[in-house]
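Student: I would like to learn how to read a protein model one feature at a time. Could you walk me through one?

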Amino acid sequence: MYYSSTIPQTNRGIIHLYIFTIHIFYVEIMTLFERLFKNKTKSANIVLVGEPNTGKSTLANKFSVDFTGNTMSDISEIPHETTEITTLEKVDFQVGSKKLDVTLCDTPGIAQSVDYREFMKHGLSQDEAIQRAKEATGGIVSTIKFLKDVDVALVVMDACLPPFDQVSLTILGTLEMHKTKTIIVANKTDLENSNPDLIRSTFPHLTVCGISALTGEGIDDLYSKIASVA
Ligand SMILES: Nc1nc2c(ncn2[C@@H]2O[C@H](COP(=O)(O)OP(=O)(O)O)[C@@H](O)[C@H]2O)c(=O)[nH]1
Ligand SMILES: [Mg+2]
């Protein structure tokens, strides 16, 4: 190393020591940065939202079983069975080279109205039915509020039913307002009267994915679409 002849021998030793210390410091800082940022998997908060009985909880379970091996939500033919937001955290989602640290949220169904008499048709007493209707209404309000903080919304629709109603408009309008990445899931394609193309033509500006959460048909395509938007 070149030193001016005016720098005495002892000072050169101190300079060497300084350079060595700075070098060690630099290596330590870079290692810390790498550990903190470089290897950190991106996280994504994914929500399943839609009308009651469209298959949100069935899809939540399919996703959970595929990525963790365990189920997560209650499935039922009774509408509004899911009355609270159910969350599955720290799911290692990997599709191709894309890795995500996913939090998956299953939500109560959003309906235009909640009639307690509907629950009585499924065997609940009047008191139980009124209580369930109250819980369902609370669930709808919290779900709409919750939509503000999600990264990707999977709007689950029953592909056997007409898609263009007030509920779809409310959900999609809310997501658009929050600029949330949205995929419409046209579910129940295993049923003969399903018509995912009707959903595609109703919402041509949105990504629509036809699946059967029950049989798993189309599910890999849905996972790829999630990987590409998240
Ligand atoms: N045939 C068929 N039935 C389904 C599918 N997904 C859900 N279901 C049924 O639809 C009903 C409501 O499902 P659930 O997941 O509880 O709906 P949620 O209210 O949206 O959570 C249940 O009887 C499910 O077995 C599907 O892909 N195909
Ligand atoms: Mg449910």
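Tutor: We will go from the conventions to the domains, the sheet, some single residues and the ligand.

Tutor: This is a predicted model, in which local features need pLDDT of at least 70 and side-chain atom pairs count only at pLDDT 80 or more, while totals for chains, interfaces and linings use all residues. Residues are numbered from 1 along each chain as its sequence is written, and chains are lettered from A and ligands numbered from 1 in the order in which they are written.

Student: Which domains does the assignment give?

Tutor: Domain bounds come from an automatic or database domain assignment. Here that assignment gives domain 1 (1-40) and domain 2 (43-229). Their centres, taken over C-alpha atoms, are 55 Å apart.

Student: How should I read the sheet, and what is the order of its strands?

Tutor: Start with the terms: helices (H or I, at least four residues) and strands (E, at least two) are DSSP runs, numbered from the N terminus. Two strands pair if DSSP finds at least two bridges between them. In this model, an open sheet of 6 strands runs in the order β2-β3-β1-β4-β5-β6, with mixed pairing. The edge strands, each pairing on one side only, are β2 (86-95) and β6 (207-210). From one strand to the next, the twist averages 25°.

Student: Which helix packs on this sheet?

Tutor: For angles, axes are lines fitted to C-alpha atoms, for helices over the stretch in contact, and the angles run from 0 to 180 degrees between N-to-C directions. Contact here means that the C-beta atoms of two residues, placed from the backbone, lie within 7 Å. Helix α5 (residues 166-177) packs on the sheet and touches β1, β4 and β5 (181-187). The direction of α5 makes about 170° with that of β4.

Student: Which strand pairs are parallel or antiparallel?

Tutor: Strands β1 (residues 43-50) and β4 (residues 152-158) run parallel, joined by 5 bridges; V47 has A153 in β4 as its bridge partner. By contrast, β2 and β3 pair in the antiparallel sense over 8 bridges, with D92 standing opposite D101 in β3.

Student: Is β5 enclosed or open to the outside?

Tutor: Counting neighbours settles that: a residue is buried if 20 or more other C-beta atoms lie within 10 Å of its own, exposed if 12 or fewer, and partly exposed in between, with C-beta atoms placed from the backbone. In β5, 6 of the 7 residues are buried, so this strand is largely enclosed by the rest of the structure.

Student: What can phi tell me, and which residues have a positive value here?

Tutor: Most residues other than glycine have a negative phi, and most peptide bonds are trans. N53, in the loop between β1 and α2, has a positive phi near 70°. Why is N53 called buried? Because 20 other C-beta atoms lie within 10 Å of it. K90 lies in strand β2 and has a positive phi near 55°, but K90 is exposed, with 9 other C-beta atoms within 10 Å. The hairpin of β2 and β3 has 2 residues between the strands, and G96 takes a positive phi near 60° there.

Student: Is T107 buried or exposed?

Tutor: T107 counts as buried because it has 28 C-beta neighbours inside 10 Å. The residue lies in the loop between β3 (98-106) and α3 (116-120). Leaving out residues up to four places away in sequence, T107 touches V47, L48, V49, K56, T82, I85, T143 and F146. T107 and T83 are 24 residues apart in sequence, with 7.5 Å between their C-alpha atoms.

Student: And K42, is it buried or exposed?

Tutor: K42 is exposed, because it has 11 other C-beta atoms within 10 Å. Its place is in the loop between α1 (9-38) and β1. Beyond residues up to four places away in sequence, K42 touches L100 and D101.

Student: Finally, how many residues surround ligand 1?

Tutor: A residue is near a molecule if its C-beta atom, placed from the backbone, lies within 6 Å of it. By that rule 20 residues surround ligand 1, the closest being G55, K56, S57, T58 and L214. Helix α2 (residues 56-68) gives the largest share of this shell, 3 residues.
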